[in-house]
Amino acid sequence: MGRHIAIKCTYNDGGEGKGELVGFADTCSISNIVRNVEGGRVWCSDRGCPCRRYYDKGLKGPLPEDPCMESRLFRDWEFGAGYFRKGKRRDNPIRFIDAGVGKLAILTTLFPGDREIDRKIIGMFKIGYVANSSDDPTWIRASKQFRIRLPLEEAKELYFWDYYTTQGGAKWGSGLFRYLSDVQVIWILKDLMETLRDSVLKRAVAKILHEDFPGPLPPRPVGTRKTDGKERAKRVFMKRKYGPGGEGAEHRRLKEWVARNPEKIGLTGVKSREIEYCFPSGDVADIVFSLGEDKYAVVEIETDTPLPGAY
């Protein structure tokens, strides 16, 4: 039957500047080539790599074309386990021995500045072909039925180590892939469903959950980070609400003052309050006051103009 796999990808920003999606669709920018070469990434720093040769020539001339698997990941929708680069097995292929057709491949990376505990999930696909023959031993290719390249806002808040754990904490090691259980995959998909706003992607994830994983929802796996889906959803919704710059200081101060002093805006009998209340729709209210007897007051804070408001 085979198993699901998680794949470790070297960060690639090719194509990332052309929209809201993660990269992995073109050659890296010059700055990322420098980062990967000088950071000692296994293939990037190898003297056989086109990017390493480009670096050694002073970063002059046109960028290398298709220098690695990562640069074509979301164009070709295939990936390899790679080759041993050291020791007696150098240049021998690493095989996806237990990867199964019909199972899911979960694609992960570290964005610049991330530690291993921050490893993110950038996309996924259903495995359509596993090449384990002597002439083509290392590749898996995506089925056309399920291919997901995530928006940046989703990927940067979808942590691999929320679902996976090892002895000793967040330690991937030297291999390019790990095997995953049904439970781990189910919860990655379920948490993604809570926040996706692209209707096509959302329907695709819902279809996989319904068809491939019928039955009651299993208990959430305990990952190394020990967080839950609600925490992740709120992070995504907050970034979506305030944008990359985050919440302004004046907005935050006024919001916190109103939360402490509801009587100043005419609210009495307040039983409880919650700042940044997340609705199931993904909308986030600045403050929700509970007034008892199933009555609530929703407060939106505007520091410059009241026009955006709440509708």
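This is a dialogue about how to read some features of one predicted protein model.

Trainee: Before we look at any feature, what kind of model is this, and how are its residues numbered?

Mentor: This is a predicted model, in which local features need pLDDT of at least 70 and side-chain atom pairs count only at pLDDT 80 or more, while totals for chains, interfaces and linings use all residues. Residues are numbered from 1 along each chain as its sequence is written, and side-chain values use heavy atoms, with hydrogens and water left out.

Trainee: How many helices and strands does the protein chain have?

Mentor: Helices (H or I, at least four residues) and strands (E, at least two) are DSSP runs, numbered from the N terminus. The protein chain here has 8 helices and 9 strands, and its C-alpha trace spans about 75 × 50 × 40 Å along the principal axes.

Trainee: What share of the residues counts as buried?

Mentor: Buried means under 20% relative accessible area, exposed means over 50%, and partly exposed lies in between, with a 1.4 Å probe and protein chains only. Of the 311 residues of the protein chain, 47% count as buried. As for contacts, which are heavy atoms within 4.5 Å, 61% of those between residues at least 6 apart in sequence join residues at least 24 apart.

Trainee: How should I read helix 8, and which of its residues are buried?

Mentor: The expected span of a helix is 1.5 Å times one less than its number of residues. Helix 8 (residues 249-260) has 12 residues and reaches 17 Å from its first C-alpha to its last, close to the 16 Å expected. Its buried residues are His251, Lys255, Val258 and Ala259. Seen down the axis of helix 8, these buried residues fall within an arc of 100 degrees, so they line one face of the helix; the arc is that of the directions from the helix axis to the C-beta atoms. The face turned away from the buried side carries the exposed residues Glu250, Arg253 and Arg260.

Trainee: Where is Asp286 found, and what does its side chain reach?

Mentor: Asp286 is found in strand 8 (residues 284-292) and is buried, with a relative accessible area of 0%. Leaving aside neighbours within four places in sequence, the residues in contact with Asp286 include His251 and Lys255, both of which are among the buried residues of helix 8.

Trainee: Where does Ala297 lie, and is it buried or exposed?

Mentor: Ala297 has its place in strand 9 (residues 295-299) and is buried, with a relative accessible area of 13%. Ala297 and Leu267 are 30 residues apart in sequence and 8.2 Å apart in space, C-alpha to C-alpha. Beyond neighbours within four places in sequence, Ala297 is in contact with Leu267, Ile287, Val288, Phe289 and Leu291.

Trainee: How many disulfides does a search of the whole structure find?

Mentor: A disulfide is a covalent bond between the sulfur atoms of two cysteines. The rule used here asks for a pair of cysteine sulfur atoms within 2.5 Å, and the search finds 0 disulfides. The sulfur of Cys28 is 6.1 Å from the closest cysteine sulfur, in Cys68, which is too far for a bond. Cys28 is buried, with a relative accessible area of 8%, whereas Cys278 counts as partly exposed at 23%.

Trainee: How many aromatic pairs are there?

Mentor: A pair of aromatic rings is described by the distance of the centres and the angle of the planes. Rings of Phe, Tyr and Trp (its six-membered ring) pair if their centres lie within 6.5 Å; planes under 30 degrees apart count as stacked, over 60 as edge-to-face and the rest as tilted. By this rule the count comes to 12 aromatic pairs. One of them, formed by Tyr11 and Phe24, is edge-to-face, with 6.3 Å from centre to centre and 80 degrees between the planes. Tyr11 is buried at a relative accessible area of 8%, and Phe24 is buried at 0%. The rings of Phe96 and Phe177 have their centres 4.7 Å apart and their planes at 50 degrees, so this pair is tilted.
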